[in-house]
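Dear colleague,

Please read the notes with the coordinates open beside you.

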Amino acid sequence: MTRRGWHQAAVALAVAGLVVAAREASAADSVVRVLLESGLDSIRVQLPDGAVRHLSRASDGGLLVDMGRSGLVWESPRSGIHRVGDWTIEGRIRVRSRGADLAVIALVALERYVEGGVGREMPSSWDAKALRAQAVVSRTYALHALRHPGDDDYDVEATTTSQVFGGRAAAVATVRAAVAATRGEYLAHEGEPILAVFHSASGGQTAAAEEVWGDSRPYLRSIAVKEEEEAPSTYWRAEVSRTTLRRVLGQLGLDVGPDAELSVVERWPSGRVKRLELRGRGGARQLSGELLRRALGPNVVKSTLFELRRDGREVVIVGSGHGHGVGMSQWGAKAMAEGGASHQEILATFFPGTTLERVGSEHSTAASLAAGGGE
């Protein structure tokens, strides 16, 4: 190759590198719309320059800003540190009048969103490798939500409906380090960000997606999980009076009389309860284990991996694990990290068949996931 040819090739490589870098930066700075609060009559927003705006709903459903009309939507004029309600947000704030109330939406860069979520979903004092795994999972969840928004106004909610988000207050040093160490990394299947879900503890065996949502996904399979014994919900017990049980099931149209007996009639391959039968003088009804959990409350029935016992006028539910059981067990990830596993190994365990990608990059680290990778 001539000297001129070498020069042209070098220029072309440099330009290509700048293009890739620009794509990565652009993707990493994708804006996530986070619903902070809704159902409000008014809200106070402090702008980055210290100015304060008072927003309220007009009688005709419109929006008032400092008592002046402002259509249906108001958005802060520039990005920066905002204080709204109990939140401190780095980004911008949008307030929308939605019929009878106001909705407050934060517009935050992807990496800032991940920083605001990891420490609210996993203790920030945990092993750095577990925090890195959580950062990748949280980022992946957000990228999936950006492609599949559930609402025209926002992509995710700041509660357990999506992922808990705490804004700048949640971005402590250990969390920022985990996010920085995995910047842009996400899990993909067939080139697309996966539905990266997680739960507190599996009880020894995760659930497949179809067990909870009726929708099979190849990377959300039931797998064995070791060494969750430290989890406070490894074993749990709930006592429910027959009166309470009859009341909550009656609200679902499942009342078969005061002396009804509840029994498990079918389990999923993971051991979780698939179907129960309620039998009494009024006949027999069936319900899913997940429906019973929702009816009694997820802090009462912590998972559907349980057995039923009877103690006089009470139904005793004895179970293991906490959460829906699908995807990554956080206590399982903690145990793996403390045992020396890398965040790639943790992710490969809980999301089999996925590749670890980086936003804006044409290349994956599929081989490293398959082999467990390394830090």
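The lining of the largest cavity is made up of Arg242, Leu245, Arg246, Leu249, Leu254, Asp255, Val256, Gly257, Pro258, Ala260 and Leu278, and please bear in mind throughout that this is a predicted model. Helix H6, which spans residues 242–250, gives the largest share of that lining, with 4 residues. Sorted by class, the residues around the largest cavity are 7 nonpolar, 1 polar and 3 charged. The space inside the largest cavity comes to about 100 Å³, and the structure holds 1 cavity of 30 Å³ or more.

The other finding concerns two helices. Helix H2 (residues 110–121) packs with helix H4 (residues 173–181) at an angle of about 135°, and their axes lie 9 Å apart. Because of that angle, H2 is oblique to H4, and the crossing of the two helices is right-handed. On the H2 side, the residues that take part are Glu111, Val114, Glu115, Val118 and Gly119, and these meet Val175, Arg176 and Val179 in H4.

With best regards

Notes. Residues are numbered from 1 along each chain as its sequence is written. This is a predicted model: local features need pLDDT of at least 70, side-chain atom pairs count only at pLDDT 80 or more; totals for chains, interfaces and linings use all residues. Side-chain values use heavy atoms; hydrogens and water are left out. Axes are lines fitted to C-alpha atoms, for helices over the stretch in contact, and angles run from 0 to 180 degrees between N-to-C directions. Angles under 35 degrees count as roughly parallel, over 145 as roughly antiparallel, 65 to 115 as roughly perpendicular and the rest as oblique. A crossing is left-handed if the near helix is turned anticlockwise from the far one by less than a right angle, and right-handed if clockwise. Contact means heavy atoms within 4.5 Å. On a 1 Å grid over the protein atoms alone, a cavity is a set of points where a 1.4 Å probe fits but cannot get out, and a pocket is an open set with protein on both sides within 12 Å along at least five of seven lines; lining residues have an atom within 4 Å of a point. Grid points are joined across faces, edges and corners, and a volume is the space filled by probe spheres set on the points. Ala, Val, Leu, Ile, Met, Phe, Trp, Tyr, Cys and Pro count as nonpolar, Asp, Glu, Lys and Arg as charged, and the others, Gly among them, as polar.
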